[in-house]
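Please look over the sequence and the model shown here before reading on. The briefing that follows is arranged by topic for someone meeting this structure for the first time.

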Amino acid sequence: SRLRRPDGKRMPASFHAEDFRIIEEMERKLGYRTDPLAHCDSRPREAEATAAERALRYAERYGVPANICHPSAKETMGLVAAYQQKGNPVTCEAAPHHWLLTRKDMVDSFPKMNPPLREQDDAEALRQGMAKGVVGMMATDHAPHTKGEKALDIWKAPAGVPGLETYGPAAAFANRRFIPDLVRVAELTSYTAAQFFGLEDRGRIEVGKLAN
């Protein structure tokens with residue numbers, strides 16, 4: 001909590017919210033399964049929400065701005081919103097694969113990611129969070145792997161999917177389907193991230209700012 005940005009504000013912290021004690025126990029129980037959904041079931045909503053609540057609680061205690069990286073569960077959206085309503089400098093990201101895809105798309109190991117794909121109501125909670133301002137940033141969680149790596153069985157295949165090349169189309173899709181306000185899209189894709197991480201040279205269209 002003593003770390004400071006160049007502008008004097010507290011250094012923010014980003015958290016990958018998954019409780020690995022819960023995950024390890026679930027993996028032991030489900031290790032006999034070979035179906036793709038075994039991965040999703042081994043990383044339940046509880047694992048994400050428990051870790052997110054712990055991170056937000058400590059961030060509140062020490063007055064540190066907190067960002068929950070690529071959450072996937074509706075419970076996490078509720079937690080972030082609750083801490084925001086208390087006035088805490090809290091935000092979270094939304095990766096397109098988590099609000100475009102669901103467990104139904106887990107037909108093989110290619111959509112394996114952490115946190116995993118969830119139900120339709122989880123994806124809808126992310127979309128609502130993006131539209132209403134609970135979600136501050138649209139992130140990619142870009143993690144490319146070779147086809148050979150992703151073709152391994154569900155336990156051996158690496159977690160992660162590409163995201164950079166689909167980021168622009170995903171933002172356009174969000175604008176067309178559920179975020180009609182282009183200013184809100186700009187906040188999600190540039191402004192909020194620049195503000196949160198103290199990147200004063202970018203994030204808005206002004207003379208002297210970077211154009212990317």
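**Briefing on the predicted model**

The largest pocket has a volume of about 320 Å³, a value computed, like the others below, from a predicted model.

**The largest pocket**

- Lining the largest pocket are 15 residues, and those that lie nearest its centre are Ser-190, Arg-202, Gly-203, Arg-204 and Asn-212.

**The nonpolar cores**

- The largest nonpolar core is made up of 32 residues, and the ones with the most contacts inside it are Leu-56, Ile-68, Trp-99, Met-130 and Met-138.
- At least two residues of this core are supplied by each of the helices α3 (45–62), α4 (74–85), α6 (120–132), α8 (167–177) and α9 (182–196), and likewise by each of the strands β2 (66–69) and β3 (90–94).
- Among these elements, α3 provides the largest share of the core, with 6 residues.
- Leaving aside residues up to four places away in sequence, Leu-56 touches Ala-66, Ile-68, Leu-79, Val-80, Tyr-83 and Val-90.

**Aromatic pairs**

- The structure holds 2 aromatic pairs, and in one of them the ring centres of Trp-99 and Phe-178 are 5.4 Å apart with their planes at 80 degrees, so this pair is edge-to-face, the planes being over 60 degrees apart.
- This pair links distant parts of the chain, since Trp-99 is in helix α5 (residues 96–100) and Phe-178 is in the loop between α8 and α9, 79 residues apart.
- Trp-99 has a relative accessible area of 0% and is therefore buried, a term that applies under 20%.
- Phe-196 and Phe-197 form an aromatic pair that is also edge-to-face, with 4.9 Å from centre to centre and 85 degrees between the planes.
- The two partners of this pair fall into separate accessibility classes, because Phe-196 is buried, with a relative accessible area of 11%, whereas Phe-197, at 36% relative accessibility, counts as partly exposed.

**Backbone features**

- The peptide bond that runs from Asn-114 to Pro-115 is cis, with omega near -5 degrees, and Pro-115 lies in the loop between α5 and α6.
- Although His-70 is not a glycine, His-70 has a positive phi of about 30 degrees; this residue is found in the loop between β2 and α4.
- With a relative accessible area of 8%, His-70 is buried, because that value is under 20%.
- Asp-141, which is not a glycine either, has a positive phi of about 50 degrees and is found in the loop between β4 (137–138) and α7 (147–150).
- Asp-141 has a relative accessibility of 30% and so counts as partly exposed.

**A residue of helix α1**

- Glu-24 lies in helix α1, which covers residues 20–30, and Glu-24 is partly exposed, with a relative accessible area of 44%.
- Between the C-alpha atoms of Glu-24 and Asp-108 there is a separation of 22 Å, and these two residues are 84 residues apart along the chain.

Note on methods. Residues numbered from 1 in each chain as written. Predicted model: local features only at pLDDT ≥ 70, side-chain atom pairs only at ≥ 80, totals over all residues. Heavy atoms only, no water. Helix = DSSP H or I, 4+ residues; strand = E, 2+ residues; numbered from the N terminus. Buried < 20%, exposed > 50% of the residue type's maximum accessible area, 1.4 Å probe, protein only. 1 Å grid on protein atoms, 1.4 Å probe; cavity = no way out; pocket = protein on both sides within 12 Å on 5 of 7 lines; lining within 4 Å. Points joined across faces, edges and corners; volume = space filled by probe spheres on them. Core = buried A, V, L, I, M, F, W, Y, C linked by side-chain atoms within 4.5 Å. Contact = heavy atoms within 4.5 Å. Phe/Tyr/Trp six-rings, centres within 6.5 Å; stacked < 30°, edge-to-face > 60°.
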